[in-house]
Amino acid sequence: MAGASISSSCWSLTAKFKTLSLNPSHPNAAAFNPLSFSANTSVNLFSKGFVSMTHLQRPSRPSIVCEAAPTKKADSAAKRARQAEKRRIYNKARKSEVKTRMKKVLEELDMLRKKPDAQPEEVLTIEKLIAEAYSVIDKAVKVGTLHRNTGARRKSRLARRKKAVEIHHGWYVPTPATEPASAATV
């Protein structure tokens, strides 16, 4: 970034100099490609090579040397686009895994709910599936694929559905909500 501002400031000084020449005496002059010049040379032509602008009337003044790297740096926008595409594919795979795990748990819970002669031990296999789904959700939240509130909501959805199945079969009886003492006295 600083090189671009230096090179553009060097090109703005061309009106002050009477000649513009290549400096073959530079130690790295062989590494640079020669350039052709005109009075209105654009900055894009300056992307390669070595340029020396000197003022010939006053030899006591130092010359201004503008250098550019022989290879152009990668465009930052193109790099960001490549990074974004890589992250999109990675995040898509993680989200897909979360959805798949949740779908498996919810299907098993629906089958268990519809089963008339279900046993409480059958919940244990579903609890293992829930634990795997929780793990996948937590990892997705940890790496930033899912927001933490989204992860918490999905885990809560699984837990509520499991509790609803347990209540349906009578394996879990929720405690009745008691009224607060202050409401009863008023």
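In H3, residues Val123, Glu127, Ile130, Ala133, Tyr134, Ile137, Asp138 and Val141 meet Arg148, Gly151, Arg154, Lys155, Leu158, Ala159, Lys162 and Glu166 of H4, where contact means heavy atoms within 4.5 Å. Helices are DSSP runs (H or I, at least four residues), numbered from the N terminus. The model is predicted: local features need pLDDT of at least 70 and side-chain atom pairs count only at pLDDT 80 or more, whereas totals for chains, interfaces and linings use all residues. Residues are numbered from 1 along each chain as its sequence is written, and side-chain values use heavy atoms, with hydrogens and water left out.

Helix H3 (residues 122–143) and helix H4 (residues 148–169) pack at an angle of about 170°, and their axes are 9 Å apart. Axes are lines fitted to C-alpha atoms, for helices over the stretch in contact, and angles run from 0 to 180 degrees between N-to-C directions. H3 and H4 are therefore roughly antiparallel, a term for angles over 145 degrees.

For H2 and H3, the packing angle is about 160°, with the axes 9 Å apart. H2 is therefore roughly antiparallel to H3.

The largest nonpolar core comprises 17 residues; such a core is a set of buried (under 20% relative accessible area, 1.4 Å probe, protein chains only) Ala, Val, Leu, Ile, Met, Phe, Trp, Tyr and Cys residues joined through side-chain atoms within 4.5 Å. Helices H2 (76–114), H3 and H4 each supply at least two residues of this core, and H3 gives the most, with seven residues. Among the residues with the most contacts inside the core are Val98, Val105 and Leu158.

Note on methods
Angles under 35 degrees count as roughly parallel, over 145 as roughly antiparallel, 65 to 115 as roughly perpendicular and the rest as oblique. Buried means under 20% relative accessible area, exposed over 50%, partly exposed in between (1.4 Å probe, protein chains only).
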